[in-house]
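Colleague: I'm new to this one, could you walk me through it?
Modeller: Gladly, and here it is to look at while we talk.

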Amino acid sequence: MTHIIMAGEQMEADVLVIGGGPAGLMAAIHAAESGAKVTLIDKANTVRSGSGATGNDHFRAYIPAFHGPDMEPVVKEVAKSQAGWTRPQSFVRTWMKTSFDIVKMWDDWGIPMKHEGRWEFSGHTFPGKPFTTLKYSGQSQKPILTKEAKKRGVKIVNRVTAFDLITDHGISGAIGVHGREDKIITFSAKAVVLCTGGCVRLYPGPTPGWMFNRADSPHTTGDGRAMAYRAGADLLNMEIPMRWAGPKYFAKCGKATWVGVLRDPRDKPVGPFVTKPDRIYGDPISDSYKGLFEDYMKTGKGPVYMDCRGISNEDYDYMMHYMKHEGLHGILHHFDEEGIDLRENPIEFMTYEMTTRGGIHYNEKGETSMPGLYAAGDEYFGGISAAATFGWIAGGKAAGFAFGRDAPSKNAGKESSEALKNLVREMRNRKDGPSWQEINVALNQVMSDYIGPTRSDTLVEAGTAHLLRIKEKARKDLVAKNQHELIHCLEVLNLLDVAEVIFAAIKERKETREKYIRVDHPYKNPAFDEKVLVCRKGPEGPLTEWKAIND
Amino acid sequence: MPPIIDEDKCTLCGNCVDICTEDVFFGSKKKQLPRVTYPHECVYCNACVEECPAEGAVRLRLPLPMMLMYKPAPTA
Ligand SMILES: Cc1cc2nc3c(=O)[nH]c(=O)nc-3n(C[C@H](O)[C@H](O)[C@H](O)COP(=O)(O)OP(=O)(O)OC[C@H]3O[C@@H](n4cnc5c(N)ncnc54)[C@H](O)[C@@H]3O)c2cc1C
Ligand code: SF4
Ligand code: SF4
């Protein structure tokens with residue numbers, strides 16, 4: 001029986017960026033432009049990784065030539081949107097103020113930000129309200145951003161998954177595990193930017209037993225949140241649920257690209273906003289009512305269809321063009337194979353599973369609660385524009401921070417890298433025990449049964465006890481037959497940490513408010529007005545603290 | 001099983017192996033036909049198809065549980 005040994009390697013940089021989605025690539029580009037030596041590591045390959053892998057097409061932006069000189073109506077509208085409603089207005093203001101510069105940069109680099117030579121806004125818009133989503137052609141955004149990063153000397157290390165931050169004498173880098181070799185890499189750095197994307201695979205997906213049928217990228221598993229939490233940084237709004245909607249059963253975000261009317265089985269529109277397909281609005285009813293599809297099914301009135309019948313030829317071509325840029329090729333291919341024609345066949349939509357709305361508490365400078373640790377993008381959901389904008393901002397700030405401090409000592413990270421080596425070596429050498437799938441499925445069921453749509457003190461209590469048992473078994477018994485399975489094992493360990501925080505946050509927020517529902521506390525508690533719930537690691541598990549919204 | 005490689009068209013360039021987000025082709029060897037090791041982890045992002053230089057060398061087959069639900073067009 002061969003005994004697996006983990007090789008070690010050391011790398012150094014001023015700024016370490018973890019995750020090469022749009023946020024991470026923009027952070028790396030800006031840090032490098034500021035003169036820092038930058039290393040970026042990605043679990044996959046930055047050319048096509050993460051949720052923006054094969055494209056996006058809606059970019060929240062304030063464009064003076066389109067909106068006029070007053071930015072405030074746009075700020076107010078974005079602050080109410082799915083991407084902005086849990087953020088302070090000052091955050092949204094910085095975002096919108098910077099967005100135009102980012103748009104110009106992307107356009108210069110070859111990501112087409114205009115439609116037929118002009119600024120075009122459509123989708124995610126309610127009739128009579130300001131337009132906030134710029135339509136753009138993002139199919140090649142990842143290869144282009146990767147090229148721009150390399151041009152500026154960013155060292156990109158693909159197929160390495162960061163698992164822990166180095167916290168000796170402040171944030172001093174991170175430790176990563178190779179996805180194709182038995183190797184642990186210690187990255188020493190003066191500042192770190194976390195950009196690992198969202199938190200998928202917490203709850204069961206639309207297809208039972210089909211772990212990877214997900215609306216967002218399933219290899220974004222809350223790694224950044226878990227790393228930040230273990231290092232002692234604050235997580236925010238973890239108890240607030242978030243749900244997407246889209247085609248059934250082929251789960252994919254990108255709802256606003258569909259130009260149709262959401263109708264019931266008897267062809268009656270389910271919302272008041274549109275009665276015929278209109279590319280400018282799409283059908284915004286599902287922006288303000290995400291549970292729509294599930295509610296119609298539960299009450300027997302469903303299903304609800306995205307009905308594009310009656311679309312003009314011009315709008316049809318427009319929709320098909322943007323579906324390609326939105327990363328919906330898989331769906332387009334399926335249309336061809338099945339003979340589905342959107343001009344004739346209404347497509348059923350569904351509400352996808354939950355995840356957490358919350359994430360790493362980062363402010364409008366990309367700063368987290370720990371000096372030297374920055375975060376951006378879907379480390380706290382904001383969509384592609386927030387990812388690009390705050391990635392850019394965080395990268396610049398991280399470079400500035402790095403210039404003001406000495407390189408970490410040679411011994412930084414030694415202990416944590418040994419600890420990780422041991423954990424990993426055991427998982428790789430163990431012969432019997434649960435696979436990552438077992439743990440992931442066990443986690444999914446406890447999430448959906450105990451802190452799914454129905455949440456209460458007694459459910460949280462029972463669920464937490466079970467979760468902690470699973471967690472203990474995972475740390476002790478997980479088996480990784482190869483490096484690929486090893487990365488999945490690390491992912492489930494991260495998901496378990498994130499889950500524990502969510503349980504703790506739900507336990508603390510004993511009230512019902514907007515999208516957050518506690519069946520045993522069906523009222524708003526004014527004591528929590530203007531406050532947010534922050535979680536951080538304590539000696540016995542997660543600690544919670546209420547903070548004023550702008551802190 | 002998805003994705004499917006056409007042995008006759010594949011140039012063994014390894015692009016799909018390099019870029020696949022989910023590392024579905026884990027364990028593939030350089031200059032050999034890509035191995036579809038983890039078909040169940042494919043997310044139908046189409047990245048392998050887009051980065052493949054040989055038209056038609058890699059294609060995706062959607063598993064039945066992911067088929068779209070749609071209304072048939074009324075028959076004349
Ligand atoms: C089909 C689809 C369409 C969408 N359309 C839109 C749209 O039109 N408009 C919009 O605003 N939003 C859209 N979104 C959401 C948008 O794609 C995301 O908000 C955006 O990609 C977030 O960027 P990010 O850089 O934060 O994260 P991601 O793009 O998800 O990138 C995260 C990166 O981190 C890497 N990573 C993860 N964990 C680790 C680790 N431990 N170590 C190292 N690397 C790691 C991943 O490999 C990945 O490269 C869409 C999403 C999907 C799936
Ligand atoms: S479609 Fe995407 S996930 Fe599937 S094999 Fe191709 S690159 Fe990998
Ligand atoms: S990218 Fe295309 S040609 Fe290259 S190895 Fe993959 S299937 Fe073969």
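**Loops, helices and partners**

Modeller: To start with one loop, Pro303(A) is placed between helix H8 (292-298) and strand E12 (305-307) of chain A. Please keep in mind throughout that this is a predicted model.

Colleague: Okay, and what is the peptide bond from Gly302(A) to Pro303(A) like, cis or trans?
Modeller: That bond is cis, with omega near -5°. Most peptide bonds are trans, and most residues other than glycine have a negative phi.

Colleague: Which residues does the other cis peptide bond, with omega about -5°, join?
Modeller: A cis peptide bond joins Lys248(A) and Tyr249(A), with omega about -5°, and Tyr249(A) belongs to the loop between strand E10 (241-247) and strand E11 (261-263) of chain A.

Colleague: And the phi of Asp267(A), positive or negative?
Modeller: Asp267(A) is not a glycine, yet its phi is positive, at about 75°, and this residue sits in the loop that runs between E11 and helix H7 (285-288) of chain A.

Colleague: Switching to helices, at what angle do H1 and H4 of chain A pack?
Modeller: Helix H1 (residues 22-33) and helix H4 (residues 89-109) of chain A pack at an angle of about 90°, and their axes are 14 Å apart. Since 65 to 115 degrees counts as roughly perpendicular, H1(A) is therefore roughly perpendicular to H4(A).

Colleague: Which residues make that contact?
Modeller: From H1(A) come Pro22(A), Met26(A) and Ile29(A), while H4(A) brings Ile102(A), Met105(A), Trp106(A) and Trp109(A). By class, the contact has 7 nonpolar residues, with no polar and no charged ones.

Colleague: How do the axes of H14 and H15 of chain A cross?
Modeller: The axes of helix H14 (residues 457-477) and helix H15 (residues 483-508) of chain A come within 10 Å and cross at roughly 160°. Angles over 145 degrees count as roughly antiparallel, so that is how H14(A) and H15(A) are described relative to each other, and their crossing is left-handed.

Colleague: What's in the contact there, by class?
Modeller: The contact of H14(A) with H15(A) has 10 nonpolar, 2 polar and 6 charged residues. Among them are Asp457(A), Lys471(A) and Arg475(A) of H14(A), and Asp497(A), Glu500(A) and Phe503(A) of H15(A).

Colleague: How much area do chain A and chain B bury between them?
Modeller: They bury about 3600 Å², with 56% of it on carbon and sulfur atoms, and the contact takes 49 residues from chain A and 31 residues from chain B. Arg48(A), Trp210(A) and His484(A) supply 19% of the area that chain A buries against chain B, which is more than any other three residues.

Colleague: Last topic, which residues are closest to ligand 2?
Modeller: The closest are Cys20(B), Cys42(B), Cys45(B), Asn46(B) and Cys48(B), out of 13 residues that surround ligand 2. By class, this shell has 10 nonpolar, 2 polar and 1 charged residues.

Colleague: And which come nearest to ligand 3?
Modeller: Of the 13 residues around ligand 3, those that come nearest are Cys10(B), Cys13(B), Gly14(B), Cys16(B) and Cys52(B). The shell around ligand 3 divides into 10 nonpolar and 3 polar residues, with no charged ones.

Terms used. Residues are numbered from 1 along each chain as its sequence is written. Chains are lettered from A and ligands numbered from 1 in the order in which they are written. This is a predicted model: local features need pLDDT of at least 70, side-chain atom pairs count only at pLDDT 80 or more; totals for chains, interfaces and linings use all residues. Side-chain values use heavy atoms; hydrogens and water are left out. Axes are lines fitted to C-alpha atoms, for helices over the stretch in contact, and angles run from 0 to 180 degrees between N-to-C directions. Helices (H or I, at least four residues) and strands (E, at least two) are DSSP runs, numbered from the N terminus. Angles under 35 degrees count as roughly parallel, over 145 as roughly antiparallel, 65 to 115 as roughly perpendicular and the rest as oblique. A crossing is left-handed if the near helix is turned anticlockwise from the far one by less than a right angle, and right-handed if clockwise. Contact means heavy atoms within 4.5 Å. Ala, Val, Leu, Ile, Met, Phe, Trp, Tyr, Cys and Pro count as nonpolar, Asp, Glu, Lys and Arg as charged, and the others, Gly among them, as polar. A residue is near a molecule or strand if one of its heavy atoms lies within 4 Å of it. Buried area is the accessible area (1.4 Å probe) that two parts lose on being put together, summed over both.
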